[in-house]
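Please keep the sequence and the model side by side while reading this note.

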Amino acid sequence: MCAIYESIKNQIQYWIKYENDKPKVPYNESTKKLYDEYRSKNDRDCVLNDGNLLADTIFSLWLPLRFALVNLHTYYEIKEITGYSIVEKNINFLQTLDNSIECLLPKEDEVTEVLSKLFVIGVKRVNTMILPDRGLQYKQYDYMPNFLKECFVGGKYSYAFNYNNEKFKDWVSQQKLWMFFDDGIISEQNIKDLAHTGDINNNVPKDKVGLIKCLNSYIDILEERKKYLYGI
């Protein structure tokens, strides 16, 4: 296997294993403890933070992978190759993707190269944060700049900070997330446009150049955050 695929395939196989091994009973109040225990011991975010169930990913790795695939191929081509739609991250699609990676992500393409780099750093603790409210994990936030915007007073996640901007800013500082803001100044106006779309509510890069810029922005954020987490 070409080295450029190693980090991507490892993550795909992690997703597959997590789905295969998770509890086989429906999730409800009576099984919640069982699911929590499984997640605490098997979810990478939790494992990297000593089992903390408040841990969550900063940058989803699924979305950059999906963006890369649909940038390099049409939806029809992806379904022709894998037999499945890419709309959902289901286990059948992931298993086929694992076996079709070289066809779908050409090793000579810059997108594949940058994506591989993101997956190397994206599975480390630097890509995790501790949320103030576990309920936030179930909200539909897929793009960190938009999530941060919605945490300010008036936003849909501001409840997690008691509708208090100072409490939110304290959390940002505690979690060492100030690199998401221009000049490190924590304000709604200073949130960086990491996807380079001109709209922090829109995380879908416009084209291949935008996608590469977006992936590099994610890597740069994590590399900078690593300095503050580990002093290196």
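**Notes on the model**

1. **Cavity lining.** The residues that line the largest cavity are I58, F59, S60, L63, P64, F67, D142, Y143, M144, N203 and Y218. Here a cavity is a set of points on a 1 Å grid over the protein atoms alone where a 1.4 Å probe fits but cannot get out, and lining residues have an atom within 4 Å of a point. This is a predicted model: local features need pLDDT of at least 70, side-chain atom pairs count only at pLDDT 80 or more, and totals for chains, interfaces and linings use all residues. Residues are numbered from 1 along each chain as its sequence is written, and side-chain values use heavy atoms, with hydrogens and water left out.

2. How many cavities of 30 Å³ or more does a search of the whole structure find? The search finds 1. The volume of the largest cavity is about 60 Å³. A volume is the space filled by probe spheres set on the grid points, which are joined across faces, edges and corners. Helix α4 gives the most to this cavity's lining, with 3 residues. By type, the cavity lining has 8 nonpolar, 2 polar and 1 charged residues. Nonpolar covers Ala, Val, Leu, Ile, Met, Phe, Trp, Tyr, Cys and Pro; charged covers Asp, Glu, Lys and Arg; the others, Gly among them, are polar.

3. **Largest pocket.** The largest pocket holds about 1,400 Å³ of space. It is lined by 41 residues, and D43, D56, T57, K89 and Q137 are the closest to its centre. Elements that give two or more residues to this lining are α1 (6-21), α2 (32-42), α3 (44-47), β1 (55-57) and α4 (62-72). A pocket is an open set of points with protein on both sides within 12 Å along at least five of seven lines.

4. **Pocket lining.** Which element gives the largest share of the lining of the largest pocket? It is α1, with 5 residues. The pocket lining divides into 19 nonpolar, 8 polar and 14 charged residues.

5. **Fold.** The protein has 10 helices and 2 strands. Along the sequence they follow the pattern α-α-α-β-α-α-α-α-β-α-α-α. The radius of gyration is 18 Å, close to the 17 Å that the globule rule gives for 232 residues, so the protein is as compact as a globular protein of that length. That radius is taken over C-alpha atoms, and the rule is 2.2 Å times the number of residues to the power 0.38. Helices (H or I, at least four residues) and strands (E, at least two) are DSSP runs, numbered from the N terminus.

6. **Extent and packing.** The C-alpha trace spans about 50 × 45 × 35 Å along its principal axes. Of the 232 residues, 47% count as buried. Buried means under 20% relative accessible area, exposed over 50%, and partly exposed in between (1.4 Å probe, protein chains only). Of the contacts with a separation of 6 or more, 64% are between residues 24 or more positions apart. A contact means heavy atoms within 4.5 Å.

7. **D109.** This residue sits in the loop between α6 (91-104) and α7 (110-122). Is D109 buried or exposed? D109 counts as buried because its relative accessibility is 14%. Leaving out residues up to four places away in sequence, D109 touches L72 and K208.

8. **C103.** Helix α6 contains C103. C103 has 46% relative accessibility, so it counts as partly exposed. Leaving out residues up to four places away in sequence, C103 touches H73 and I81. C103 and Y159 are 56 residues apart in sequence and 45 Å apart in space, C-alpha to C-alpha.

9. **L34.** This residue lies in helix α2. L34 is partly exposed, with a relative accessible area of 46%. Its contacts, not counting residues up to four places away in sequence, are P23 and V25. L34 and K22 are 12 residues apart in sequence and 9.6 Å apart in space, C-alpha to C-alpha.

10. **Positive phi.** D50 is not a glycine, although it has a positive phi of about 55 degrees. D50 is in the loop between α3 and β1, and at 79% relative accessibility it counts as exposed. N162 is not a glycine either, and it has a positive phi of about 55 degrees. N162 is in the loop between α8 (144-151) and α9 (165-174). N162 counts as exposed, at 51% relative accessibility.
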